[in-house]
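Thanks for coming, everyone. Let me put the sequence and the model on the screen, and then we'll walk through a few places in it.

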Amino acid sequence: MDKNNFSTNRLISIDDVNVEDIYLLYQLTNDFKQLINRPAKKIPALKDLTIGNLFFEDSTRTRISFELAQKRLGADIVNFSASNSSLKKGESLNDTIQNLLSMKLDMIVIRHRVSGTAKYVFDKTKIPIINAGDGTNEHPTQALLDLFAIWNKGIKSSEINLLIKGDVLHSRVAGSLTKLLDKLNIQYSITGPKTIQRKTWESKYVDSSTMDLSQFNILYNLRIQKERQHKILIPSVEEYSDFFGTKINQVNENTLIMHPGPINRGIELDSDSADSNNSLILEQVETGVALRMAIMYLLGQQKREA
Ligand code: NCD
C-alpha cells in the first residue's frame, strides 16, 4: 500500500478525513476484519510503537476495542484511567499529558468529558491523536465503524435512509455521524423530544412519534445520556420510551436496528428489537476492532514518516 495516501495525522473529528481517506480506511478495515476472524489474529505492524490510552471518562466497549486493536497489531500499550490516576491528587490535565509524553508515547487515544480536549492535547503534543469521545462533541471512530457495518450488509449509500433517534443534544456519536453522512451525501433524518435536539440540525428533524417509520431502512438509536444532562429535559424515561422508543412492531423485514451502546433495554429500544435478526448492534462492536486497527495502522505509518 502507498504510504502517503492517508491525508491526516490525527482523527479528532470527521473533518480530519476526506472521502479518499474514508475509502482507504474501509479497505483496510475489510482486511483486518478477515484477519481477526482467523485463528492467528495478530500482525506485528505497530510493534515499534507505544500507544497511550487516556480514558478520563468511563468506557467499556470503546476502551476494550482500542486495546484489542492495539494488541492485534503488536503495539506496546500504556493504559490510563482517571479514576486511579494522580488527577485525583489535583494534577492538571496539562501536567498529566506532559508527564506521559516524557515517557515517549507515539500515539494517544483519548476520551474526556470536556468537548475540545482531543484537539487541545493534539495542539500541545503534535503526536497522532485519536478522539475516543470528547464531551458532547465528536466520537469519529464510532461513526466510521457504523457506516462500515451498514455498507458491509450490502447497502449502498444511495439506498440508505437512516433515522437518528433520541438524545441528539448530548450525543458526540450524532456529532460525528451527521458529519460523516453529510460528507458522503447520505440521506438521514433526526427525531426525539424537541428538548434534546440541536438547532443546527433543525432541517433534518421529523416527529417520529406520529409518523410511519417504514420509509427508514435504518433506525439508529441513541442513549438518553442522563450523566450529560444538567437539568431535567424529558418528563420521564417511560414517556420517552412510549413516544420514541424503537419497538419491534415498527421494524420491517429489511429495517436495520443500530445503537452505539451501552443500550438501555426498554428505554431507547425494546429487547425484541435489540435481539432480533434486524439488529446490527453486535456487528457494530465487531467492526469497531477492525476499524480501529485500520486507523491506528494508518496513523502509525504517518508517525514513522514524520
Ligand atoms: C457512546 C459514547 O460514549 O459516546 N458509547 C460508545 O462509545 N460506544 C454513546 C453513549 O455513551 O451513549
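Where does Lys104 lie? Lys104 is in the loop between helix H3 (93-102) and strand S3 (107-112). Helices (H or I, at least four residues) and strands (E, at least two) are DSSP runs, numbered from the N terminus.

Some ground rules. This is a predicted model, where local features need pLDDT of at least 70, side-chain atom pairs count only at pLDDT 80 or more, and totals for chains, interfaces and linings use all residues. Residues are numbered from 1 along each chain as its sequence is written, and side-chain values use heavy atoms, with hydrogens and water left out.

Back to Lys104. Its phi is near 65°, a positive value in a residue other than glycine. Lys104 counts as exposed, at 63% relative accessibility. Buried means under 20% relative accessible area, exposed over 50%, partly exposed in between (1.4 Å probe, protein chains only).

Asn185 also has a positive phi, about 50°, although it is not a glycine. Asn185 is in the loop between H6 and strand S6 (187-191). It is exposed, with a relative accessible area of 70%.

Now the ligand. Which residues surround it? They are Arg61, Thr62, Arg111, His139, Gln142, Arg172, Val173, Arg223, Pro260, Gly261 and Pro262.

Look at the polar atoms. A polar side-chain atom of His139 lies 2.7 Å from a ligand oxygen. An N or O atom in the Arg223 side chain is also 2.7 Å from an oxygen atom of the ligand. Gly261 uses a backbone N or O atom, 2.9 Å from a ligand nitrogen. A polar contact here is a pair of N or O atoms within 3.5 Å; within protein, one must be able to donate a hydrogen and the other to accept it, and residues adjacent in sequence count only if both atoms are side-chain atoms.

Stay with Gly261. The peptide bond from Gly261 to Pro262 is cis, with omega near -5°. Pro262 lies in the loop between strand S8 (256-258) and helix H8 (271-274).

Last, two buried residues. Ser176 is in helix H6, and its relative accessible area is 0%. Asn221 is in strand S7 (residues 218-221), again buried at 0%. The Asn221 side chain reaches the backbone oxygen of Leu219 at 3.3 Å.

Note on methods. Near = heavy atom within 4 Å.
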